[in-house]
Amino acid sequence: MESFDAVQGIRAAELADHYGTPLYVYDGELLTGAVRSLAEALPPPVEIFYSLKANPNSSICSLLFAHGAHAEVSSLVELRTARTAGARPENIIFLGPGKTAEDIRACVQCRVYAIVCESWQELELIEATARQAGLRQRVLLRVNPSFGAAGSRLAMGGKPRQFGIDEEQLLGGKDRLSALTHATPVGVHVYLGTRILDAAAIVENTAQVLALAERVAAATGVEPEAVDIGGGLGVAYFDGERDLDLDALRAGLAPVVGDFARRHPRTRLLVESGRFLTARAGAYLVRVQYVKESRGTWFAVTDGGTHHHMAAVGVGSYARRNFPVAAVAAVAGSGAGPERPWHITGPLCTPDDTLARAVPLPDLAPGDVLAVLRSGAYGPTASPGLFLSHGFPAEVLVHEGRPLLVRDRDTADDLLRKQRHHQFVQ
């Protein structure tokens, strides 16, 4: 059984009592430590761009930006969040396969460093938008490479994809690129996969991306001002997994990046990271409402569930496995006796609302608080929080020993405010 007692000296049980449950709690020291450790593992000139999709809370973003991360955004709200949280336009990139004309206008007007272009039609729209604004807009050409990723739990390259321009098309696209006058291709973006835990695989993928960038430059004449090597750095969630070896990553990347940097000393190298920076810093606290035994299986029914933490269901995984779960606080009469397997479930009217299965825990009772650990990435905003109209939980960031409420819990009024009610009678 995992342990989770306190965050920077503040008892997790006190946070649950004061702010209520369900509750997300983030440890600011772990957030800043993740930025620092990753920066130390990446050889210069590689820069870290935080993927807001992992956790777009503006206070989380502000803390990461204050400690050296830049911003990778994929929507207008994420762009606004990044600016509010302190990211400078020259340190923002915008990507996504379905950008609207409004998205592109906002990027051009904001003067973001680069729009990551995912198709030829999008490139034409960027060109027209920049021309109309009388501005030039940098573009990173996202490549769907002919090769796949090593060590990825979800491979993004080497297959038909909605993401990027096929490598073969781009290598033959010199005339299309040279005709541009306001959209300025400055390099390539390649994202090969996600949740990679093997340092050697990341090194291999990086070497392939950098070689691809040079092939594109040779074929198209687009000399790389910047190369986005993607990211996909993983976090160990499940039994048998180990966190990424940063020492091995540092040792492996240094010669690969160093050789490229010597050939292209003015090229900006970008790496995207979301999960790696935030996952380990977060915990999802829930309170047991009922315990029951059903045909030999014990259930702890809690006030939280997959509507707040869809990642715990195993989205993106072929097999369902448990995130680490810890008993945070026990009421009188619980917490004793030998451990037994518990199914941790939520309030939704579906058997899929199961946060964890057969978790070894001591006796549980109503009022006990449990924590789903490593939950700082892809939590509330990647979950169906409006299912059964429960709404989203409160979120607390503990910074320098002080708990800060960084998101209010949804109320019934919040959830009903945007509805337009029309009364019908017989």
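Modeller: A residue is called buried when its relative accessible area is under 20%. Keep that cut-off in mind for this predicted model.

Biologist: Why is Thr-21 called buried?

Modeller: Its relative accessible area is 15%. The cut-off is under 20%. So Thr-21 counts as buried.

Biologist: Where does Thr-21 lie?

Modeller: In the loop between helix 1 (12-19) and strand 3 (23-27). Beyond its neighbours within four places in sequence, Thr-21 is in contact with Ala-16, Leu-285, Val-286, Arg-287, Asp-303 and Arg-409.

Biologist: What makes the link from the side chain of Thr-21 to the side chain of Asp-303 a polar contact?

Modeller: The distance is 2.6 Å. The limit for such a pair of N or O atoms is 3.5 Å. The pair qualifies as a polar contact.

Biologist: Now helix 10. How do you know that its span agrees with its number of residues?

Modeller: Helix 10 covers residues 246-263, which is 18 residues. At 1.5 Å a residue, they should span 26 Å. The end C-alpha atoms are 25 Å apart, so the two agree.

Biologist: Where is the kink in helix 10?

Modeller: At Leu-253, shortly before the proline Pro-255. The kink is about 35°.

Biologist: What lies at the start of helix 10?

Modeller: A side-chain oxygen of Asp-245 comes to within 3.1 Å of the backbone nitrogen of Asp-247.

Biologist: Which residues of helix 10 are buried, and what covers them?

Modeller: Leu-246, Leu-249, Gly-252, Leu-253, Val-257, Gly-258 and Phe-260 are buried. The cover includes helix 2 (28-41), strand 4 (46-51), helix 9 (199-220) and strand 14 (268-273).

Biologist: Which residues touch the most other members of the largest nonpolar core?

Modeller: Tyr-50, Phe-65, Leu-123, Val-227, Leu-249 and Ile-344, out of 98 residues in that core. Helix 9 gives the largest share, 9 residues. Another core lies apart and has 19 residues, among them Ile-10, Ala-16, Ala-326 and Leu-373.

Biologist: How do you know that the radius of gyration of the chain agrees with a compact globule?

Modeller: With 426 residues, a compact globule would have a radius of gyration near 22 Å. The chain has 23 Å, so the two agree. Along its principal axes, the C-alpha trace spans about 75 × 65 × 40 Å.

Biologist: How many helices and strands does the chain have, and what share of its residues is buried?

Modeller: There are 12 helices and 22 strands. Buried residues make up 54% of the 426.

Technical notes. Residues numbered from 1 in each chain as written. Predicted model: local features only at pLDDT ≥ 70, side-chain atom pairs only at ≥ 80, totals over all residues. Heavy atoms only, no water. Helix = DSSP H or I, 4+ residues; strand = E, 2+ residues; numbered from the N terminus. Expected span 1.5 Å × (residues − 1). Bend = angle between axes of the 7 residues up to and from the residue. Buried < 20%, exposed > 50% of the residue type's maximum accessible area, 1.4 Å probe, protein only. Contact = heavy atoms within 4.5 Å. Polar contact = N/O pair within 3.5 Å; in protein donor to acceptor, adjacent residues only side chain to side chain. Core = buried A, V, L, I, M, F, W, Y, C linked by side-chain atoms within 4.5 Å. Rg over C-alpha atoms; globule rule 2.2 N^0.38 Å.
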